[in-house]
Amino acid sequence: MKIIVLGATGATGQLVVTELLKQQHQVIALVRNTEALETLKPQFNEQLTLITATALTLEDTQLSHLIKNVDGVISCLGHNLTLKGVYGAPQMMVRDSIKRIVSLACPHRNAPLKLVLMNSSGVRNKDQYEPVSFMQHLVLATLRLLLPPHKDNEQTADYLRALDTRKHNIQWVVVRPDSLIDEVSPTQYSLHSAPIRSAIFDAGTVSRINVATVMTRLLLDSHLWEKWQGKMPLIYNSEK
């Protein structure tokens, strides 16, 4: 397969790129700075294409050509946890990047473009019943007001949920990890259609490498894709 990866130099994005390359797929990474991925070039030179641009800065004709010729897009985009990263422009980076991908997707593809988005367990799937306590409502409303990244994640999920996928010939899955941790290798994990704990007051954990594994498996495993496409699975590390 040929896959575009957004946010490829982030902690999870690098794991996604490495996993795809190891499985002999073609990866096109859109990055502001290629330095973090340069070490992969000697081993995977023919599989890895590095483009110094983002989904918001690449010219329409170039991005449209890339999207037309790939099987899927994996977005690991996220805001850097710095003052500039949280409050600087573009505040709706994830939403606007996904909207641009969708706007340039070819509706006449032989098969739908598959889009996998990394989001957050703090974002609700409004298409199903996910009860939230009054206190959690207050906390989420505060985050929405004070922290643009949370609002960005919510608006991106809402945009995909409302998208006319047939018109754009796109299918999507939004992966909602709980609190991210680092582990050396994949461990057992579980996927759930709704939260099994409060993302605010009883947050669980999931390793970045497990999230990378799930996101790549979704694109590569047709049965897993059919199960979750158009949905927002949550992922947790399994209890030891």
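**Charged pairs and a helix contact**

At 51% relative accessibility, K126 counts as exposed (buried is under 20% relative accessible area, exposed over 50%, partly exposed in between, with a 1.4 Å probe and protein chains only). The model is predicted: local features need pLDDT of at least 70, side-chain atom pairs count only at pLDDT 80 or more, and totals for chains, interfaces and linings use all residues. Residues are numbered from 1 along each chain as its sequence is written, and side-chain values use heavy atoms, leaving out hydrogens and water.

K126 forms a salt bridge with D158, the closest N and O atoms being 3.2 Å apart (a side-chain nitrogen of Lys or Arg within 4 Å of a carboxyl oxygen of Asp or Glu). This pair links distant parts of the chain, with D158 in helix α7 and K126 in the loop between β5 (113-118) and α6, 32 residues apart (helices are DSSP runs of H or I, at least four residues, and strands of E, at least two, numbered from the N terminus). D158 also meets R161 in a salt bridge of 2.8 Å, N to O. Shared partners join K126, D127, D158 and R161 into one network.

Helix α7 (residues 148-161) also packs against helix α6 (residues 134-146), at an angle of about 105° and with axes 5 Å apart (axes are lines fitted to C-alpha atoms, for helices over the stretch in contact, and angles run from 0 to 180 degrees between N-to-C directions). N153 lies in α7 and counts as buried at 16% relative accessibility.
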